[in-house]
Structures are given as structure tokens and as C-alpha cells.
Amino acid sequence: MSETPPSQRGHESESEAHQILRDYAGNANTQEETIPGILHPGATGVIFCTDRATANGFSYADPEWANLGQGAPEVGELPGAPARPTGIDFAAFGEQVHEYGPTVGVKELREAVANLYNVEYRQGKESKYTFENVCIVPGGRAGMSRIAAVIGDVASGALTADTTYSEVLSVFKRLVPIPTALDAKDKYKLNIEQLKREIKNMSLNVIVASNPRNPTGQVIAGDDLRDLVHLSRKKATIVLDEFYSWYQYPDDEKDLGKSVSGAAYVEDVDEDPVILIDGLTKGFRLPGWRVCWVVGPKNLISAISQSGSFLDGGASHPMQRAAIPLLDPVRVQQDKVALQRAFRTKRDHVLARLAKMGLPVAVPPQATFYIWLDVSALPAPLNNGLVFFEELLKEKCICVPGLFFDINPSKRRNLFESPCHHFVRLSFGPNMATLDRGLDAIERVIAKHETEGHRMGKNLKRSSTLDAPGLHGKHV
């Protein structure tokens with residue numbers, strides 16, 4: 001990420017938008033007790049954005065709002081895709097479906113996951129996944145929490161700017177998260193030789209990576225992914241969040257339907273310490289089902305089955321049953337092709353409109369449904385992500401300030417010095433009509449600066465939930 005000269009950075013104390021962020025419970029420079037013995041973890045990006053949007057009049061019932069901050073894809077029908085699920089026949093599953101499901105997950109769903117991975121990534125390989133290599137979990141964070149709970153006293157390297165996982169990992173005090181930064185000058189490309197040095201010099205035992213990557217929209221693939229997976233043979237466990245694995249945008253039509261996974265480069269599914277996390281949330285576009293999975297060596301699956309018994313209790317039994325037919329490889333292939341066509345069209349549309357506004361994206365997304373937008377070329381104060389976010393709320397549009405993707409656990413750094421300070425994340429997950437409403441709002445903000453620039457970033461509406469964020473129940 002490009003650096004701003006120190007003389008031009010300013011200080012957060014001079015910015016109303018930044019002071020509002022600091023005023024949120026848990027976001028100050030020092031740790032605060034909410035009640036005796038309880039430390040507030042701070043407002044995550046999704047909760048902060050929801051609260052600030054609500055303070056500016058946001059409502060899910062208001063069709064004038066455009067949510068370009070959402071971390072979920074549109075969930076309706078897509079051209080050429082299989083029909084969406086419309087109901088669950090509980091009678092077909094028998095009355096036992098109303099009982100608790102196994103903490104490790106329903107065997108039939110675990111078999112379906114293993115089969116899908118073997119069909120897509122293990123063709124021609126002797127070592128295959130079985131149901132014993134799969135654990136069903138109620139969401140990606142639940143999967144990561146289960147994994148973190150069984151990791152010993154080690155240092156871990158986080159190759160992701162997604163701070164949600166760094167927050168999850170920090171809860172488990174035996175882990176010492178060590179962020180590994182990537183640079184826009186290298187197009188956020190993984191430097192495998194640098195990673196090898198860090199594993200050796202910092203004695204890293206666990207590497208956590210989001211692939212494809214949120215928020216930059218880049219992907220580790222081919223030889224780079226192979227080399228990353230093979231680092232597991234250096235006695236380093238590799239954990240890959242692969243939720244965006246379907247969101248690939250190849251230039252050649254014949255490559256449509258391909259997805260990416262470290263599973264393609266694992267030699268022995270029970271010996272290589274490679275752990276994969278995915279689920280129905282992003283690719284299948286069913287985030288509300290809360291059915292996800294962890295794939296890895298049998299002994300790891302046994303361990304996280306035990307940790308799940310005291311952490312989350314397992315995924316919904318009927319939703320697991322309903323998910324089984326969705327994992328049919330033929331259906332999945334049809335789903336992936338339709339998704340990639342539809343989301344590429346949306347990506348290209350958003351990039352073209354941004355370029356016309358004078359906001360070209362230097363490193364366009366090759367994967368995911370996010371655009372990591374640098375606003376530093378805009379006139380002050382719109383050239384920092386937090387003020388840009390606040391001004392966009394006034395036009396009924398939501399984005400996510402780049403600051404929420406900066407791994408800054410102690411919260412001591414001047415926010416203006418963050419490498420993510422002049423970025424925002426835009427999502428092209430919503431439908432096209434919503435995207436255009438949001439892009440129209442961005443145009444209005446830029447145009448308004450000509451006459452009202454001196455007022456921007458000032459007299460912002462205050463949230464009513466600064467002391468207790470996250471009480472609205474819904475997140476953007």
C-alpha cells in the first residue's frame with residue numbers, strides 16, 4: 001500500500017470522524033472494562049458501519065439505501081444457475097432431524113463434502129479425502145475458533161488483512177498472532193521466499209491465510225499456492241480460508257467454472273498439516289444457513305470435533321440435511337459458471353464507472369467480490385477512507401473504511417499513519433440496481449465537494465450506541 005508523507009498525514013485528534021471511531025466502546029488507545037472483569041473487544045468493522053449507517057437513517061426497509069459494504073453476495077436467482085432452494089421437507093428427514101446433530105457433523109454431508117473435493121481437486125491422486133477428513137461447523141468463524149482452541153502455545157503468522165480472524169485468534173491467549181503485510185507495489189502478491197524466512201526467523205508454527213483475499217480481491221494460485229501448501233512440510237501448519245474460492249474471473253471462457261483450493265496440492269490428506277475452511281456462505285450464496293466445513297487430516301478433525309462440543313455445539317441438524325443435494329458436483333459446476341459470469345459483469349461495470357469518476361483501481365480484483373479502492377487522489381478531506389465513508393452515509397450509501405482491515409491489535413497507532421487509511425472496501429456482492437444506486441451516491445459526494453468541501457467531515461451525526469455497539473441485531 002502506498003505511503004503518505006508524514007507531513008501530509010495529520011493526526012486523528014484533528015478529525016471528527018476519527019474521534020467518533022475512538023469513542024466507540026473498546027476502540028480507545030487503552031483497554032477498557034465494560035463491567036468488572038470484562039474487556040470490550042471493540043467495534044468490528046461490520047458493527048461500526050451498521051451503527052454509523054443507522055445514525056444516518058439507514059433501514060433495511062428503505063429502498064433508497066445502497067449497501068456496498070456488505071460482506072455477502074446477492075442470494076437470488078442468477079441466469080443459468082440451478083434453482084434456489086425454496087423449502088425444507090422436514091418429514092423427508094424423519095423425526096430424528098429435530099435432535100442435536102453430531103458435533104462433527106452429519107455423516108452424509110461430510111461424505112458429500114469429501115466427494116466434491118476429490119472430484120474438483122484430487123483427480124488422479126492416490127490420497128483421497130473421506131468423511132473422516134471433514135468437520136461441519138456453524139460458520140467460518142466457528143471453524144477458525146475450533147482450530148484456534150486446539151493449537152498449542154505457538155506463534156502464528158496471519159497472511160490476511162481480514163482482521164476478523166486476527167480478533168478470533170487473539171481470544172486464544174496461547175496464540176501470538178504475527179501479521180505479515182503485503183504491498184500494492186507487488187500487487188499484493190505473496191512473497192514465498194520472505195514467508196520462508198519469517199517461518200524460520202520467527203519460529204512460526206501456524207500460517208493463516210485468506211485465499212482468495214479479502215479485501216484486496218487477489219488470489220494465490222498456481223505455483224505460488226503449491227509452494228505455500230508445501231511449506232506444511234517445514235513443520236508449519238497451513239490454515240486457508242477459502243470462502244471466496246468460486247469467485248474467479250478468467251479471461252478465457254473455457255476456464256469458467258474453475259475454482260481454487262490448496263486441496264489440489266496436498267500430497268497426503270492425513271499427513272500434510274493443511275487445513276481448509278469453506279462452506280455454503282459465499283460460493284453457494286447461502287450465508288443465512290450457517291453451514292460450513294473444515295477439511296484436514298483425520299487427527300485434526302477429531303480434535304476440533306471435541307473443541308466444538310464446548311465452543312458452539314455444532315451446526316443446525318436440519319440445515320445440514322438440506323445442504324446435501326446442493327453439493328452434487330454437476331450442480332456445483334453449473335452454479336460456479338453462472339456465478340462467475342454474473343459477478344464478472346458486475347465487477348467490470350463498477351470498475352468502469354469508478355474510472356469515469358477519476359477513481360481508477362490500480363490493482364483490480366481477480367477474485368472475491370470486493371474492490372480495494374484508493375481514495376488518496378480525491379481532494380481533502382475525502383482523501384481518507386473514514387471521512388469518505390461518513391460523507392457517503394449522508395448520500396445513503398455504505399462502504400467499509402480501510403482502517404478496519406489494518407492489523408493494529410494494540411490500537412495505539414495514530415490512525416492517520418495506517419497504511420489502510422486512504423482506502424475503502426466496496427462490495428459488488430449486491431445486485432446491479434443496488435450497485436448503481438451506490439455509484440450514483442459516490443458521484444454526488446465527489447461533486448458536492450466543489451461547493452461544500454469545507455463542511456465535509458464536520459458536524460457528523462452521533463450514534464446512540466457508542467457505549468454498547470452491536471445492539472441493532474442486524475449487520476450490513
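Start by selecting tyrosine 188, which sits in the loop between β6 (175–179) and α8 (192–201). Those element names follow DSSP runs numbered from the N terminus: helices are H or I with at least four residues, strands E with at least two. You are looking at a predicted model, in which local features need pLDDT of at least 70, side-chain atom pairs count only at pLDDT 80 or more, and totals for chains, interfaces and linings use all residues. Residues are numbered from 1 along each chain as its sequence is written, and side-chain values use heavy atoms, leaving out hydrogens and water.

Stay on tyrosine 188 for its backbone: phi is near 55 degrees, a positive value in a residue other than glycine. Tyrosine 188 is also buried, at 5% relative accessibility; buried means under 20% relative accessible area, with a 1.4 Å probe and protein chains only.

Next, pick arginine 285, in the loop between β9 (274–279) and β10 (292–295). Here too phi is positive, about 60 degrees, and the residue is not a glycine. Arginine 285 is buried, with a relative accessible area of 1%.

Now for two peptide bonds. Select asparagine 211 and proline 212: the bond joining them is cis, with omega about -5 degrees. Proline 212 belongs to the loop between β7 (204–210) and α9 (222–230). Then move to alanine 380 and proline 381, where the peptide bond is cis with omega near 5 degrees. Proline 381 is in the loop between β11 (370–374) and α13 (385–394). For context, most peptide bonds are trans, and most residues other than glycine have a negative phi.

Finish with Trp293, Leu327 and Leu354, the residues with the most contacts inside the largest nonpolar core, which has 125 residues. Helix α12 (residues 329–356) gives the most to this core, with eight residues. Such a core is a set of buried Ala, Val, Leu, Ile, Met, Phe, Trp, Tyr and Cys residues joined through side-chain atoms within 4.5 Å.

How values were computed: Buried means under 20% relative accessible area, exposed over 50%, partly exposed in between (1.4 Å probe, protein chains only).
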